[in-house]
Amino acid sequence: MANQLDYLHQLNAQFEQLWQQMNTKLTTQEYGAVLGYIAAFSYNTVTSVQRITGLLGLDSALAEEVLSRLTTIGVLQSENGIRCPECNLLFGKIENVNDLEREMFCYGCDSNVEIGASDIEVIYTLQRKC
Ligand SMILES: [Zn+2]
């Protein structure tokens, strides 16, 4: 698919920027792992510091820096996800953390659950180009 190829070319160019910015911090192996991981993303893929830490074995400070730099160079976008404190499902997003309601409906629990600031998790998805 031509679009997929364009996407990969674009991604490669952006990853070179990331590598130049981070080559004293990431090992070649870690960089390769991040590149392979993100290249397999679809627009439905959601990741977070926690997930990167577990999957790629980066420590959380490094994972956070990788994600924030990928956001700066236009690969990823960040949003506030809401994780259910009862069933641990990421069931929604919120634009402004101040708009957080105390009770929200979780489709995992099929009921209303109490939500607090600690249930907000920064999540990352691919930035849409069009
Ligand atoms: Zn739930």
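Biologist: What stands opposite Tyr124 in strand 5?
Modeller: Ser78 does. Keep in mind that this is a predicted model.

Biologist: How many bridges join strand 1 to strand 5?
Modeller: Seven bridges, and the two strands run antiparallel.

Biologist: What is the strand order in that sheet?
Modeller: The order is 2-1-5. The sheet is open, has three strands and pairs antiparallel.

Biologist: Which are the edge strands?
Modeller: Strand 2, residues 90-94, and strand 5, residues 120-126. Each of them pairs on one side only.

Biologist: By how many degrees are neighbouring strands turned against each other?
Modeller: On average by 50 degrees, with direction ignored.

Biologist: Now the other side of strand 1. How many bridges does strand 1 make with strand 2?
Modeller: Four, again in the antiparallel sense.

Biologist: What sits between strand 1 and strand 2?
Modeller: Six residues, as the two strands form a hairpin. In the turn, Asn88 has a positive phi of about 70 degrees.

Biologist: Where else is there a positive phi in a hairpin?
Modeller: At Asp110, in the hairpin of strand 3 and strand 4. The phi there is near 60 degrees, and four residues lie between the strands.

Biologist: How do strand 3 and strand 4 pair, parallel or antiparallel?
Modeller: Antiparallel, over four bridges. Strand 3 covers residues 103-106, and strand 4 covers residues 111-114. Cys106 has Ser111 in strand 4 as its bridge partner.

Biologist: On to the helices. Which strands does helix 4 lie across?
Modeller: Strand 1 and strand 5. Helix 4 runs at about 125 degrees to strand 1.

Biologist: And at what angle do helix 3 and helix 4 cross?
Modeller: Roughly 115 degrees, with the axes coming within 9 Å. The crossing is right-handed.

Biologist: Which residues meet there, between helix 3 and helix 4?
Modeller: From helix 3, Val49, Ile52 and Thr53. From helix 4, Ser60, Ala63, Glu64, Val66 and Leu67.

Biologist: How do the residues of that contact divide?
Modeller: Five are nonpolar, two polar and one charged.

Biologist: Let's switch to domains. What does the assignment give?
Modeller: Domain 1 spans 2-78 and domain 2 spans 81-126. Their centres, taken over C-alpha atoms, are separated by 25 Å.

Biologist: How many residues are in contact between domain 1 and domain 2?
Modeller: Eleven residues of domain 1 contact seven residues of domain 2.

Biologist: On the side of domain 1 that touches domain 2, which elements give two or more residues?
Modeller: Helix 4, residues 60-72, and strand 1, residues 76-83. Strand 1 gives the most, with three residues.

Biologist: How many residues on that side of domain 1 are nonpolar, polar or charged?
Modeller: Five are nonpolar and six are polar. No charged residues are found on that side.

Biologist: Last topic, confidence. What pLDDT does the chain average?
Modeller: The average is 90, and 98% of the residues score at least 70.

Biologist: Where is confidence lowest, and where is it highest?
Modeller: Lowest in helix 1, residues 2-22, with a mean of 82. Highest in strand 4, at 96.

Technical notes. Residues are numbered from 1 along each chain as its sequence is written. This is a predicted model: local features need pLDDT of at least 70, side-chain atom pairs count only at pLDDT 80 or more; totals for chains, interfaces and linings use all residues. pLDDT is the predictor's confidence in each residue, from 0 to 100. Two strands pair if DSSP finds at least two bridges between them. Domain bounds come from an automatic or database domain assignment. Two residues are in contact if their C-beta atoms, placed from the backbone, lie within 7 Å. Ala, Val, Leu, Ile, Met, Phe, Trp, Tyr, Cys and Pro count as nonpolar, Asp, Glu, Lys and Arg as charged, and the others, Gly among them, as polar. Axes are lines fitted to C-alpha atoms, for helices over the stretch in contact, and angles run from 0 to 180 degrees between N-to-C directions. A crossing is left-handed if the near helix is turned anticlockwise from the far one by less than a right angle, and right-handed if clockwise.
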